[in-house]
Amino acid sequence: QLVLMAVAEALRSNEKDPMKRLYPGGQFDPMGLSKDAAKLEEMKLKEIKNGRLAMFSVAGFFAQGLATGNGPIADWQNHLADPWHVNVATNGVSVPIW
């Protein structure tokens, strides 16, 4: 694998066209979603917002782990087993602040 990647990178670095150097196989768009420029910009914005939401949720996982000492799946299972007594209001350390 190392040899194959080295050959691929060597071929890519010999390319003079900057767009072909960045995207050696061309832009990956098998369904043709980037044909409409306005729709493409809208989809790019949605993708960025989705990534930001995902990063925020991971921060929530970390905060939950610090507050309870468990992982998110274990806390979810505990909540499903007893939702009225295992929730954010009964945690005691809901929002950890250092």
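Figure 1. The model shown is predicted. Its accessible surface comes to about 8,800 Å², and carbon and sulfur atoms account for 67% of that area. The chain holds 4 helices and 0 strands, so you can follow it along the sequence as α-α-α-α.

**Figure 2. A nonpolar patch on the surface.** Here we meet V3, V7 and L11, which together form a nonpolar surface patch with about 310 Å² of accessible area. V3 sits in helix α1, which runs over residues 2–13. With a relative accessible area of 62%, V3 is exposed, because the cut-off for that class is over 50%.

**Figure 3. The largest pocket.** This view turns to the largest pocket, whose volume is about 290 Å³. Its lining is built from 14 residues, and those nearest its centre are Q64, T68, N87, V88 and N91. Two or more lining residues come from each of the elements α3 (37–68) and α4 (72–81). Helix α3 gives the most, with 4 residues. By kind, the lining divides into 9 polar, 4 nonpolar and 1 charged residue.

Figure 4. A67 has its place in helix α3. Is A67 buried or exposed? It counts as buried, because its relative accessibility is 13% and the class takes in values under 20%. A67 and V88 are 21 residues apart in sequence, and their C-alpha atoms are 9.9 Å apart in space. V88 is also one of the residues nearest the centre of the largest pocket.

**Figure 5. The salt bridge between K44 and E41.** A search of the whole structure finds 2 salt bridges, and this close-up shows one of them, in which the side chains of K44 and E41 meet at 3.5 Å, N to O. Both residues lie in helix α3, 3 residues apart, or about one turn of the helix. K44 counts as partly exposed at 43% relative accessibility, and E41 is also partly exposed, at 47%.

**Figure 6. The salt bridge between K46 and E42.** Side chains of opposite charge can pair when their charged atoms come close. In this view K46 pairs with E42 in a salt bridge, and the closest N and O atoms are 3.1 Å apart. K46 and E42 are both in helix α3, 4 residues apart, which is about one turn of the helix. K46 counts as exposed at 51% relative accessibility, whereas E42 is partly exposed, with a relative accessible area of 38%.

Notes: Residues numbered from 1 in each chain as written. Predicted model: local features only at pLDDT ≥ 70, side-chain atom pairs only at ≥ 80, totals over all residues. Heavy atoms only, no water. Patch = residues over 30% accessible without salt bridge, like charges linked within 9 Å, V, L, I, M, F, W, Y side chains within 5 Å. Areas by Shrake-Rupley, 256 points an atom, 1.4 Å probe, with all protein chains shown as cover. Salt bridge = Lys/Arg side-chain N within 4 Å of Asp/Glu carboxyl O. Buried < 20%, exposed > 50% of the residue type's maximum accessible area, 1.4 Å probe, protein only. 1 Å grid on protein atoms, 1.4 Å probe; cavity = no way out; pocket = protein on both sides within 12 Å on 5 of 7 lines; lining within 4 Å. Points joined across faces, edges and corners; volume = space filled by probe spheres on them. Nonpolar A, V, L, I, M, F, W, Y, C, P; charged D, E, K, R; others polar.
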